[in-house]
Amino acid sequence: MNWARQHARGLVDLKQLAALGWVQTSDFEALSKAQENLEIRVPAHCVEFIQNNETAVLRQFVPDVRETFFLPEELEDPIGDETYTPVEGVTHRYPDRVLLKPTYQCASYCRFCFRRYKVSDGEYRLEGEKLTTALQYIKNNTKIWEVILSGGDPLVLTDTKLAQICEGLSAIEHVKVLRVHTRIPSVLPERINSALISTLRCAKKQLWVVWHVNASVEMSSTSRVAIDALHHAGIGVLSQSVLLRGVNDSSEALEGLFKSLVEWGVKPYYLHYPDLARGTSHFRVPLSEALTLVGGLRGRLSGLCIPQFIVDIPGGHGKVVVEPQWSRQISASTWEFLSPTNGQWHRVEYQTSAVSRPVVE
Ligand SMILES: *Cc1c(COP(=O)(O)O)cnc(C)c1O
Ligand code: SF4
């Protein structure tokens, strides 16, 4: 099916959700408030999963009254994007890479979205002069080695709009890598067609796609076709997931997801702890619990299946890898390591310069 038609078949209002029995009419007032912050879009592709009682999918896309509960520590802009926005549409936090955000629209609206204060805004467009200014910024900063298309979901744009961006980037010599952050293979896999792939290729950069996927049930046979098409075109595919209560917060769920990804040739890259976006506390598990879950994968699952567990420091101070404590320093050259296979601490001596010792026969 034509992807734009499939996109248009998404469920976007509360009445549609109530007719399916997914929300109660008595909650409409609170849910409308949630909808004001982040529009509703349950992708047509996922309706069947929800009808099959896949709560992992329902919780991600169907609004919840708890989205109207804000905690004092929750922020409108939890990872400080605005502080690091030198020109509209560009977020420049690290010296060698920038986010380029051509749209804030998506093919699905995820209720835990960390950028929900901007996302689903239908007015925003990075076009014409604004796009020229953004590209000029990248051109003027010769340290920028990688451009990450983000948003929103950049792949909801038409091929014509993507082509403008890709052609603009193709003229910038110092940009070597183009990365696309997208949820499309889960929610609108029809979008990944040969025209899209040739459009991205006109950037003449090494392409990487980072697929946002949170549960193995999102990995349908149509998604497989999309991922295979990317691989076939020589595009590297990684995944990023968010650790979400009631969606994937068990070792079985994470193991199932990461193994399936590796079986499809997709390397799990990041597992994010949910950012402090307003109205998302019902999605967070305590960080200590998260660490136990994530630490438990090591030693049990193939290293290929293990993503880095990431906390994005509020305020825009960057992403950090958070790990259970695997090592401790005892003295200058003495270390202890926690075995992921037997759970015991093991002491190791690491001398860094040769110490001459008499050889005792
Ligand atoms: C997350 C992010 C990146 C990408 O970070 P990697 O660790 O390279 O995946 C780049 N820029 C900004 C502003 C980000 O928030
Ligand atoms: S696809 Fe990404 S940007 Fe869009 S709503 Fe989901 S998490 Fe937010």
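Which helix gives the most to the lining of the second largest pocket? Point 4 takes this up.

1. Basis of the note. This is a predicted model, in which local features need pLDDT of at least 70 and side-chain atom pairs count only at pLDDT 80 or more, while totals for chains, interfaces and linings use all residues. Residues are numbered from 1 along each chain as its sequence is written, chains are lettered from A and ligands numbered from 1 in the order in which they are written, and side-chain values use heavy atoms, with hydrogens and water left out.

2. Largest pocket. A volume of about 840 Å³ is computed for the largest pocket. (A pocket is an open set of points, on a 1 Å grid over the protein atoms alone, with protein on both sides within 12 Å along at least five of seven lines; a cavity is a set where a 1.4 Å probe fits but cannot get out; lining residues have an atom within 4 Å of a point. Points are joined across faces, edges and corners, and a volume is the space filled by probe spheres set on them.) Its lining comprises 40 residues, of which Phe114, Arg115, Ser150, His181 and Gln240 lie nearest the centre. Elements that give two or more residues to this lining include strand 4 (177-182), strand 5 (206-212) and strand 6 (236-242), and strand 1 gives the most, with 4 residues. (Strands, E, of at least two residues and helices, H or I, of at least four are DSSP runs, numbered from the N terminus.) By class, the lining has 19 nonpolar, 12 polar and 9 charged residues. (Ala, Val, Leu, Ile, Met, Phe, Trp, Tyr, Cys and Pro count as nonpolar, Asp, Glu, Lys and Arg as charged, and the others, Gly among them, as polar.)

3. Ligand 2. The largest pocket is the space taken by ligand 2; a molecule sits in a pocket if more than half of its atoms lie within 2 Å of the pocket's grid points. Among the residues surrounding ligand 2 are Cys106, Cys110, Cys113, Gly152, Arg183 and His212, where a residue is near a molecule if one of its heavy atoms lies within 4 Å of it. Gly152 also takes part in a cis peptide bond, from Gly151 to Gly152, with omega near 15 degrees. The loop between strand 3 and helix 7 (159-170) holds Gly152.

4. Second largest pocket. Helix 7 gives the most to the lining of the second largest pocket, with 3 residues.

5. An open sheet of 9 strands has the order 1-2-3-4-5-6-7-8-9, with mixed pairing; two strands pair if DSSP finds at least two bridges between them. Strand 1 (90-94) and strand 9 (319-321) are the edge strands, each pairing on one side only. Strand 2 (residues 97-100) and strand 3 (residues 146-149) run parallel and are joined by 4 bridges, with Leu149 as the bridge partner of Leu100.

6. Hairpin and backbone. Strand 11 (residues 334-338) and strand 12 (residues 345-349) run antiparallel, joined by 5 bridges. Their hairpin has 6 residues between the strands, and Gly343 takes a positive phi near 75 degrees there. Asn53, although not a glycine, has a positive phi of about 65 degrees.

7. Cavities. The search of the whole structure finds 2 cavities of 30 Å³ or more. The largest cavity holds about 60 Å³ of space, and its lining includes Arg298, Phe309, Glu323 and Trp326.
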